[in-house]
Amino acid sequence: MRNPLSDVIVNVKPSGIRKFFDLVSEMKDAISLGVGEPDFDTPWHVRDEGIYSLEKGRTFYTSNAGLKELKDEISAYLKRRIQVEYDPAKEILVTVGGSEGIDIAMRTMLNPGDEVLIPQPSYVSYEPCAVLAGGTPVIIELKEENEFRLTAQELLDAVTEKTKLLVLPFPNNPTGAIMEREDLEAIANVIIEKDIFVLSDEIYSELSYKGDHVSITSLPGMRERTILINGFSKAYAMTGWRLGYACGPKKIIEQMFKIHQFAIMCAPTTSQYAAVEAMKNGDEDVARMREAYDQRRRYLMHAFKEMGLQCFEPYGAFYVFPCIKEFGMTSDAFANRFLEEEKVAVVPGTAFGDCGEGFLRISYAYSLENLKIALERLQRFIERLREEQKRG
């Protein structure tokens with residue numbers, strides 16, 4: 001019988017995050033700090049709008065590109081938050097989560113053999129999406145001493161004649177790193193000089209704890225060469241609603257629209273009506289959740305300092321990325337043993353690229369109560385490891 005499987009998909013590795021999520025789900029009294037999902041319920045007024053849309057029988061397809069009202073609100077939001085204007089009719093596409101936007105942007109922009117620069121550690125989907133689109137991933141290893149920011153020199157060193165696209169994943173999952181205006185200005189000069197394009201994943205843009213988020217699209221010369229990806233999952237606690245959007249030049253968006261049209265038809269109708277309400281009246285909800293995340297972030301950094309665990313201070317998203325190199329164990333071995341002995345799930349840094357070795361991703365999208373229990377167990381665990389090292 002002929003092999004029914006594509007060689008390309010067979011060679012794509014499964015996500016390294018889900019392994020620990022599946023294990024902890026079967027373990028009694030275990031705590032998971034591994035999944036990047038807000039612990040807040042979707043704000044009630046947003047849920048209520050979704051319920052109301054169902055009661056009114058709004059259960060039909062919307063326009064392929066999304067509800068006009070929603071695209072208008074997205075346009076107004078971006079103008080308000082990042083000072084960039086997009087034409088709702090021609091430059092905005094409503095997608096099934098930000099993940100669909102990443103996928104179809106790459107499929108739209110890449111020809112076979114085009115190189116995609118992917119700074120790592122970063123979100124697990126970029127590399128496989130590039131491969132599935134026929135591109136060639138080129139990894140840029142970000143460094144802890146640079147607070148896991150992408151530098152202009154690192155970008156310049158990675159660019160070749162085949163480079164087509166740079167993925168810009170900030171605020172970053174898993175490190176929590178951000179790029180400030182001066183960082184973006186430096187790499188924008190390289191991008192323009194080398195004539196490459198940018199896929200800017202800004203799904204965590206509302207979760208920045210060091211001033212307002214700056215989008216590379218707001219810099220001179222960058223709007224016309226950038227696809228901006230964002231969504232509702234993280235900022236509005238709407239992960240299960242599966243709603244995102246892509247914004248960019250008309251010539252790119254209209255081709256992304258074709259893939260979306262054939263593969264998806266349209267994003268979920270109920271979710272779109274709820275998202276209109278989120279964008280109109282959700283600023284206070286976002287601020288409240290951001291304040292809670294920041295409190296947890298500061299609590300974790302203080303706790304790491306107390307237990308002598310090295311961790312640079314992250315200013316974005318809801319992750320910390322502590323270093324565990326002192327223990328002489330791989331990230332995977334540390335995470336497995338921590339789960340077995342203390343019933344706490346964290347994600348090995350290698351799930352986000354080989355350069356994540358020696359680090360762990362810990363999500364603080366969990367209650368302070370759970371974080372306190374988990375950190376007590378972590379302190380007990382690393383004290384045990386240090387005792388073992390002393391004994392030789």
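Reply: In this predicted model, Lys68 and Asp72 both belong to helix 4, which spans residues 68-82. They are four residues apart, about one turn of the helix. Their side chains form a salt bridge, in which the closest N and O atoms are 2.8 Å apart. Lys68 is exposed, with a relative accessible area of 59%, whereas Asp72 is partly exposed at 30%.

Helix 4 also contributes Arg81 to a second pair. The side chains of Arg81 and Glu206 meet in a salt bridge with an N to O distance of 3.0 Å. Glu206 lies in the loop between strand 6 (197-201) and strand 7 (226-231), so this pair ties together parts that are 125 residues apart in sequence. Arg81 is partly exposed, with a relative accessible area of 29%. Glu206 has a relative accessible area of 7% and therefore counts as buried, the limit being under 20%.

A further salt bridge joins Glu147 to Arg149, with the closest N and O atoms 3.1 Å apart. Here Glu147 is partly exposed at 32% relative accessibility, while Arg149 is buried at 10%.

Salt bridges also occur as a network: through shared partners, they join Arg337, Glu341, Glu342, Arg380, Arg384 and Glu388 into one network. For the whole structure, the search finds 27 salt bridges.

Conventions: Residues numbered from 1 in each chain as written. Predicted model: local features only at pLDDT ≥ 70, side-chain atom pairs only at ≥ 80, totals over all residues. Heavy atoms only, no water. Salt bridge = Lys/Arg side-chain N within 4 Å of Asp/Glu carboxyl O. Helix = DSSP H or I, 4+ residues; strand = E, 2+ residues; numbered from the N terminus. Buried < 20%, exposed > 50% of the residue type's maximum accessible area, 1.4 Å probe, protein only.
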